[in-house]
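Keep the sequence and the structure open side by side while reading. The text goes from the whole chain to single residues.

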Amino acid sequence: MNEQEQIWVQQARRGDRSAFSRLVEAYQRPVFNLTYRMLGSVEEAEDDAQEAFLRAYSRLGQYDPEMKFSTWLFSIANHYCIDRLRKRRTTQISIDDTSVEIGAMVTHAELCEEPFISLVPALAQAARTVGSPQIRNAGTIGGNVATSSPAGDTLSVLLALEATVVLVGTNGERRVPIADFFTGPKRNVMASDEIIRSLDIPIVRGAQEFVKVGTRNAMVIAVANLALVVDAQSRRLRCALGSVGPTPLRATDAERWADDYIEHVGFGDP
Ligand SMILES: Cc1cc2nc3c(=O)[nH]c(=O)nc-3n(C[C@H](O)[C@H](O)[C@H](O)COP(=O)(O)OP(=O)(O)OC[C@H]3O[C@@H](n4cnc5c(N)ncnc54)[C@H](O)[C@@H]3O)c2cc1C
């Protein structure tokens, strides 16, 4: 944080509204850019940007000076936009011949239904194992990916399906292959001014399976989970594991072994 900004923050924390106005002036544009890119409407974006500054002002006492002010402010704006998008309750989904794009706010309960059962059966299976009905009604696929827990149930499936994470932020949209998204337990490449807009998933013809092992039958964090995707077109098998490392992992040796086996024995044979 630059020196002048630090002074304004300190003054604002002591109740100096004009110092806070300076911070608003400095960040008005990037915060509006962020809310506009996330919400897509100028009116809502203006409202949300204003709300983000109000929230920031009322929470200045909790601000940790070790953190960049911009990071802290963007995270407040992000959370507010996510709440707003959640309230819209629109199941954002678009499908073409080759892929299905699932909005980040789609809940686990929604993923358990059609068209997901037919299009991405392993994802529907994984969503069915998440928490309880209450958690599945409230929890979203975007929240699961953003949390980036190695045990997140949808993550191994998304990895095996070679999904792309679509992010939006102040600098526009960027698409990150899910294999490059996770960097460690609960860590990922998302910047502080970005949210997940959607998950773009190729439609794969062939069998899919998700299995989860836990210490109970329900409401349990995975000891391990596994997603298998057979791509009948390319005659390849893709396998990903969750809860067995710092991030969900592709089991590439097992994939190679299965590919050799398919090559050797034939695709249709057991
Ligand atoms: C009792 C209980 C049981 C659970 N069981 C399971 C389980 O079995 N399997 C499993 O995988 N998970 C489980 N969870 C974890 C959690 O419910 C899921 O990870 C869920 O998908 C989170 O989604 P959410 O929308 O509620 O995210 P939130 O909890 O609201 O958000 C989580 C984080 O992600 C961020 N975030 C949310 N949406 C976005 C977005 N679109 N872009 C960027 N950041 C975003 C939020 O800011 C926050 O930092 C459980 C949780 C609880 C409390």
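The model is predicted. The protein contains 11 helices and 11 strands. Along the principal axes, its C-alpha atoms fill a box of roughly 75 × 35 × 35 Å. Of the 270 residues, 39% are buried. Taking contacts between residues at least 6 apart in sequence, 58% of them join residues at least 24 apart.

The ligand has 18 residues around it, and those that come nearest are Gly131, Gly139, Gly142, Gly143 and Asn144. H9 provides the largest share, five residues. By type, the shell divides into eight nonpolar residues, nine polar and one charged.

Strand E7 also holds Ile196. Ile196 has 24 other C-beta atoms within 10 Å and is therefore buried, the cut-off being 20 or more. Leaving aside neighbours within four places in sequence, its contacts are Ala104, Gly142, Val145, Ala146, Val165 and Leu167. Gly142 in this list is also among the residues that come nearest to the ligand. From Ile196 to Ala52 the distance is 19 Å, C-alpha to C-alpha, and the two are 144 residues apart in sequence.

Val168 is a residue of strand E3 (residues 164-169). It is buried because 22 other C-beta atoms lie within 10 Å. Not counting residues up to four places away in sequence, Val168 touches Arg37, Met38, Glu173, Glu194, Ile195 and Arg197.

Helix H2 (residues 17-39) includes Leu34. Is Leu34 buried or exposed? Leu34 counts as buried, because it has 28 C-beta neighbours inside 10 Å. With residues up to four places away in sequence set aside, Leu34 touches Phe74, Ala77, Gly169, Thr170 and Asp193. Leu34 and Ile195 are 161 residues apart along the chain, while their C-alpha atoms are separated by 9.3 Å.

Helix H7 (residues 121-128) and helix H10 (residues 153-160) have axes 8 Å apart and meet at an angle of about 170 degrees. Angles over 145 degrees count as roughly antiparallel, so that is how H7 and H10 run relative to each other. On the H7 side the contact is made by Ala122, Leu123, Ala126 and Ala127, and on the H10 side by Asp153, Thr154 and Val157. These contact residues divide into five nonpolar, one polar and one charged. An α-helix has 3.6 residues a turn, so residues three or four places apart point the same way.

Helix H11 (residues 252-265) gives another picture. Its 14 residues reach 20 Å from the first C-alpha to the last, close to the 20 Å expected at 1.5 Å a residue. The number of buried residues in H11 is zero, so the helix lies largely in the open. Just after H11, Gly266 takes a positive phi of about 105 degrees.

The remaining points concern the backbone. Most residues other than glycine have a negative phi, and most peptide bonds are trans. Where does a cis peptide bond occur? It joins Glu114 and Pro115, with omega at about 5 degrees. Pro115 lies in the loop between helix H5 (108-111) and helix H6 (116-119).

Ser148 has a phi of about 55 degrees and is placed in the loop between H9 and H10. Ser148 counts as buried because it has 21 C-beta neighbours inside 10 Å. For Lys186, phi is near 60 degrees, and the residue is found in the loop between strand E5 (182-184) and strand E6 (187-188). Lys186 is partly exposed, because 14 other C-beta atoms lie within 10 Å.

Conventions: Residues are numbered from 1 along each chain as its sequence is written. This is a predicted model: local features need pLDDT of at least 70, side-chain atom pairs count only at pLDDT 80 or more; totals for chains, interfaces and linings use all residues. Axes are lines fitted to C-alpha atoms, for helices over the stretch in contact, and angles run from 0 to 180 degrees between N-to-C directions. Helices (H or I, at least four residues) and strands (E, at least two) are DSSP runs, numbered from the N terminus. Angles under 35 degrees count as roughly parallel, over 145 as roughly antiparallel, 65 to 115 as roughly perpendicular and the rest as oblique. Two residues are in contact if their C-beta atoms, placed from the backbone, lie within 7 Å. Ala, Val, Leu, Ile, Met, Phe, Trp, Tyr, Cys and Pro count as nonpolar, Asp, Glu, Lys and Arg as charged, and the others, Gly among them, as polar. A residue is buried if 20 or more other C-beta atoms lie within 10 Å of its own, exposed if 12 or fewer, and partly exposed in between; C-beta atoms are placed from the backbone. A residue is near a molecule or strand if its C-beta atom, placed from the backbone, lies within 6 Å of it. The expected span of a helix is 1.5 Å times one less than its number of residues.
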